[in-house]
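Good morning, and thank you for coming. Please look at the structure that I am about to show, and keep it in view while I speak.

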Amino acid sequence: HPSSVNVKGFQKRNLILHLTGGGFFAHTIATDLPYLLDWSASSKSVIVIPEYALFPHKFPDAITEVVQIYRALRCGEQATLLGFQPDRIIVSGESVGGNLAA
């Protein structure tokens, strides 16, 4: 089906936008990475793990950044270039990242 193939001929994939924990003062990707790699492989999804504003930034800087990232992935040209489906984004998070994901 032509609409399910990106410009490089690969099947378009779902996208997981994962937000790390760390209490707004650190990003803890190392603890999330093993299960994210398993999740990516089993679901054939692309995972994006962005950094967001940490202390001493003020509220709502992190939320604003995460919303901008989501909108860029959802509406920008990145979907076609990266080979994922912009209407199939799973937002997840660990600890503080879960708070931001909600």
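Let me begin with a question: in which loop does serine 95 lie? Serine 95 is found in the loop between E3 and helix H4, the helix of residues 96-101. We shall return to this residue near the end of the talk.

Before we go further, please note that this is a predicted model. The mean pLDDT of the protein is 81, and 86% of its residues reach 70 or more. Confidence is highest in helix H2, at 89, and lowest in helix H3, residues 78-82, at a mean of 71.

Now to the overall plan. The protein has 4 helices and 3 strands. Along the sequence, these elements follow the pattern β-α-β-α-α-β-α. Of the 102 residues, 28% count as buried. The accessible surface comes to about 6500 Å², and carbon and sulfur atoms account for 59% of that surface. Among the contacts with a separation of 6 or more, 67% are between residues 24 or more positions apart.

Let us turn to the sheet. In what order do its strands stand? The sheet is open, its 3 strands are arranged as E2-E1-E3, and the pairing is parallel. Strand E2, residues 45-48, and strand E3, residues 84-93, are the edge strands, each pairing on one side only. From one strand to the next, the twist averages 25°.

Helix H1, residues 29-43, packs on this sheet and touches E1, E2 and E3. The direction of H1 makes about 165° with that of E1. Helix H2, residues 61-75, also packs on the sheet, and H2 likewise touches E1, E2 and E3. In the case of H2, the direction makes about 155° with that of E3.

Consider next strand E1, which spans residues 13-19 and is joined to E3 by 6 bridges. The pairing of E1 with E2 is parallel as well, over 4 bridges. We can follow individual residues across the sheet. Isoleucine 16 has isoleucine 47 as its bridge partner in E2, and stands opposite isoleucine 90 in E3. For leucine 17, the bridge partner in E3 is valine 91.

Why does asparagine 14 count as buried? The relative accessibility of asparagine 14 is 17%, and buried means under 20%, so the residue falls in that class. Its side chain makes a polar contact, at 3.4 Å, with the side chain of arginine 88. Leaving aside residues up to four places away in sequence, asparagine 14 touches Lys44, Ser45, Val46, Phe84, Gln85 and Arg88.

With a relative accessibility of 23%, isoleucine 69 counts as partly exposed, because the buried class requires a value under 20% and the exposed class a value over 50%. Isoleucine 69 and leucine 17 are 52 residues apart in sequence, and their C-alpha atoms are 9.1 Å apart in space. Isoleucine 69 touches Leu17, Pro50 and Glu51, again not counting residues up to four places away in sequence.

Finally, let us consider the backbone. As a general rule, most residues other than glycine have a negative phi, and most peptide bonds are trans. Which two residues does a cis peptide bond join here? They are phenylalanine 59 and proline 60, with omega at about 5°. Proline 60 lies in the loop between E2 and H2.

Lysine 44 has a positive phi of about 50°, although it is not a glycine. This lysine 44 is located in the loop between H1 and E2, and counts as exposed at 58% relative accessibility.

This brings us back to serine 95. Its phi is near 60°, a positive value in a residue other than glycine. Serine 95 is exposed, with a relative accessible area of 61%.

Thank you for your attention.

Conventions
Residues are numbered from 1 along each chain as its sequence is written. This is a predicted model: local features need pLDDT of at least 70, side-chain atom pairs count only at pLDDT 80 or more; totals for chains, interfaces and linings use all residues. Side-chain values use heavy atoms; hydrogens and water are left out. Two strands pair if DSSP finds at least two bridges between them. Helices (H or I, at least four residues) and strands (E, at least two) are DSSP runs, numbered from the N terminus. Axes are lines fitted to C-alpha atoms, for helices over the stretch in contact, and angles run from 0 to 180 degrees between N-to-C directions. Contact means heavy atoms within 4.5 Å. Buried means under 20% relative accessible area, exposed over 50%, partly exposed in between (1.4 Å probe, protein chains only). A polar contact is a pair of N or O atoms within 3.5 Å; within protein, one must be able to donate a hydrogen and the other to accept it, and residues adjacent in sequence count only if both atoms are side-chain atoms. Accessible areas come from the Shrake-Rupley method with a 1.4 Å probe; for residues, only the protein chains shown count as cover. pLDDT is the predictor's confidence in each residue, from 0 to 100.
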